[in-house]
Amino acid sequence: PGAKIVARGNIVVLGSLKGYAYAGAAGDESTFVAALDMDPVQIKIGNIIGRSEDKGPLAAIKNRKKVMEPQIAMISQQSILIEPITKGFRIYLP
């Protein structure tokens, strides 16, 4: 928590993303953020910003037992969409 990643391109985290991730820092909205455990404070892709829900201490305790699932964040209809990366998942790059 509190870490900040800034990249002109995509961001891939082979672990837990709990801080801030800014992909497409030069304004590229076709980039994405992927992580094995997606729990960021904020994601920014190009010029679109998405913030996590405000979680109180009770929610943090309940989430300790959650199973890690690889997820990807990308822009869909001018907002940030986060979805699981599954076996059949495909991303199309320009």
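Colleague: Hi! How many salt bridges does a search of the whole structure find?
Modeller: Two. A salt bridge here is a side-chain nitrogen of Lys or Arg within 4 Å of a carboxyl oxygen of Asp or Glu. Keep in mind that this is a predicted model, where local features need pLDDT of at least 70, side-chain atom pairs count only at pLDDT 80 or more, and totals for chains, interfaces and linings use all residues. Residues are numbered from 1 along each chain as its sequence is written, and side-chain values use heavy atoms, with hydrogens and water left out.

Colleague: Okay, which residue meets D37 in a salt bridge?
Modeller: That is K18, with 4.0 Å from N to O. K18 lies in the loop between β2 (11–17) and β3 (20–23) while D37 is in strand β4, so the pair ties together parts that are 19 residues apart in sequence. Strands (E, at least two residues) and helices (H or I, at least four) are DSSP runs, numbered from the N terminus.

Colleague: And what does D39 form with K18?
Modeller: A salt bridge too, with the closest N and O atoms 3.8 Å apart. D39 sits in the loop between β4 and β5, 21 residues from K18. Through shared partners, K18, D37 and D39 are joined into one network.

Colleague: Is D37 buried or exposed?
Modeller: D37 is buried, with a relative accessible area of 8%. Buried means under 20%, exposed over 50%, and partly exposed in between (1.4 Å probe, protein chains only). K18 is partly exposed at 32%, and D39 is partly exposed at 23%.

Colleague: New topic! In what order do the four strands of the open sheet come?
Modeller: The order is β1-β3-β5-β6, and the pairing is mixed. Two strands pair if DSSP finds at least two bridges between them.

Colleague: Which strands stand at the edges?
Modeller: β1 (4–6) and β6 (48–51) do; each has a single partner strand, so one side of each is left without a neighbour in the sheet.

Colleague: How many bridges are there between β5 and β6?
Modeller: Four, and β5 (residues 42–45) pairs with β6 in the antiparallel sense. Within that pairing, K44 has I49 in β6 as its bridge partner.

Colleague: Last one: where is L36?
Modeller: L36 is in strand β4 (residues 33–38). At 35% relative accessibility, L36 counts as partly exposed.
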